[in-house]
Amino acid sequence: MGRRQRLLWWVFMPICALVAVVSARYLTGAGPIPPVIATNEFARPFLVIHVAGSVAALATACFQFLPRLRPPASRLHRLTGRVYVMGCLVGGIAGVPLALGASTGMISSFGFGILALAWIFVTVQGWRCAVECRFSAHRAWMIRSFALTFAAVTLRLYLILLEFLPVDFEEGYRAISFLCWVPNWIVAEVHLYRRGTNASNLAYREPA
């Protein structure tokens with residue numbers, strides 16, 4: 001791992017861990033639930049399910065990119081990878097009804113709904129590539145998956161920023177339903193393009 005990669009890892013890891021810990025309060029009922037979430041039409045029972053999956057994904061995400069844990073033969077990589085994939089799928093599936101029940105209207109439902117479906121899709125593609133021993137494509141799809149998992153972090157950063165902007169909260173929240181994940185995906189695609197990774201090629205099998 002190069003110096004730049006180590007720096008990014010040490011930035012992402014504590015942020016993901018912090019958001020996972022803070023989000024876990026929804027599982028214990030500790031602390032108030034923000035009104036924009038509490039008024040979601042389908043908050044019960046899907047909020048707890050979504051949070052449980054998302055916390056599992058966040059807690060294991062950064063460890064998937066550690067070189068010592070990344071080799072396909074690594075048992076720890078495969079174990080944490082399974083937890084990560086299950087977390088993404090559970091979080092994404094529960095995220096669909098939550099998106100439909102968004103209290104800020106159709107735009108928010110559209111933004112968060114696409115996020116949930118895209119999160120499921122790229123994660124499943126990454127898992128399929130690993131099972132089929134196409135590890136370069138697997139890594140690329142999982143970079144996309146992490147970019148969407150990281151939406152849990154960027155969402156909260158935008159919500160903090162929104163408090164200091166002269167913008168109506170509901171209007172700002174509708175914008176955040178796209179801003180929390182679209183730029184993340186763009187950054188992932190730029191990174192993959194610069195590395196020359198052809199993650200969309202699913203037709204070949206890499207040598208073991």
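This is a short walk through the structure, one selection at a time.

Before you click anything, know that this is a predicted model, where local features need pLDDT of at least 70, side-chain atom pairs count only at pLDDT 80 or more, and totals for chains, interfaces and linings use all residues. Residues are numbered from 1 along each chain as its sequence is written, and side-chain values use heavy atoms, with hydrogens and water left out.

**The whole protein**

Start with a cartoon view. You'll find 10 helices and 0 strands; helices here are DSSP runs of H or I with at least four residues, strands are runs of E with at least two, and both are numbered from the N terminus.

How much of the protein is buried? Of the 208 residues, 43% are. Buried means under 20% relative accessible area, exposed means over 50%, and partly exposed is in between (1.4 Å probe, protein chains only).

Contacts are heavy atoms within 4.5 Å. Among contacts between residues at least 6 apart in sequence, 75% join residues at least 24 apart.

**Helix α7**

Select residues 135-149, which form helix α7. The expected span is 1.5 Å times one less than the number of residues, so for these 15 residues it should be 21 Å; the end C-alpha atoms are 20 Å apart, which agrees. This helix is mostly covered, with 12 of its 15 residues buried. Among the buried ones are Trp-141, Arg-144 and Phe-146.

**Ser-109**

Next, pick Ser-109 in helix α6 (residues 106-131). Ser-109 has a relative accessible area of 14%, so it is buried. Leaving aside neighbours within four places in sequence, what does Ser-109 contact? Its partners are Ala-99, Leu-100 and Ala-102.

**Salt bridges**

A salt bridge here is a side-chain nitrogen of Lys or Arg within 4 Å of a carboxyl oxygen of Asp or Glu. By that rule there are 5.

Go to helix α9 (residues 169-179) and show Arg-174 and Glu-171, which sit 3 residues apart, about one turn of the helix. Their closest N and O atoms are 2.8 Å apart, in a salt bridge. Arg-174 is buried at 18%, while Glu-171 is partly exposed at 47%. Salt bridges with shared partners also join Arg-128, Glu-132 and Arg-134 into one network.

Select that trio now. Between Arg-128 and Glu-132 the closest N and O atoms are 4.0 Å apart; between Glu-132 and Arg-134 they are 2.1 Å apart. Arg-128 is partly exposed at 34%, and Glu-132 is partly exposed at 28%. Arg-134, at 2%, is buried.

Met-86 belongs to helix α5 (residues 75-100).

Last stop: Cys-16 is buried at 1%, and Cys-180 is buried with a relative accessible area of 1%. How many disulfides does the structure hold? The count is 0, where a disulfide is a pair of cysteine sulfur atoms within 2.5 Å.
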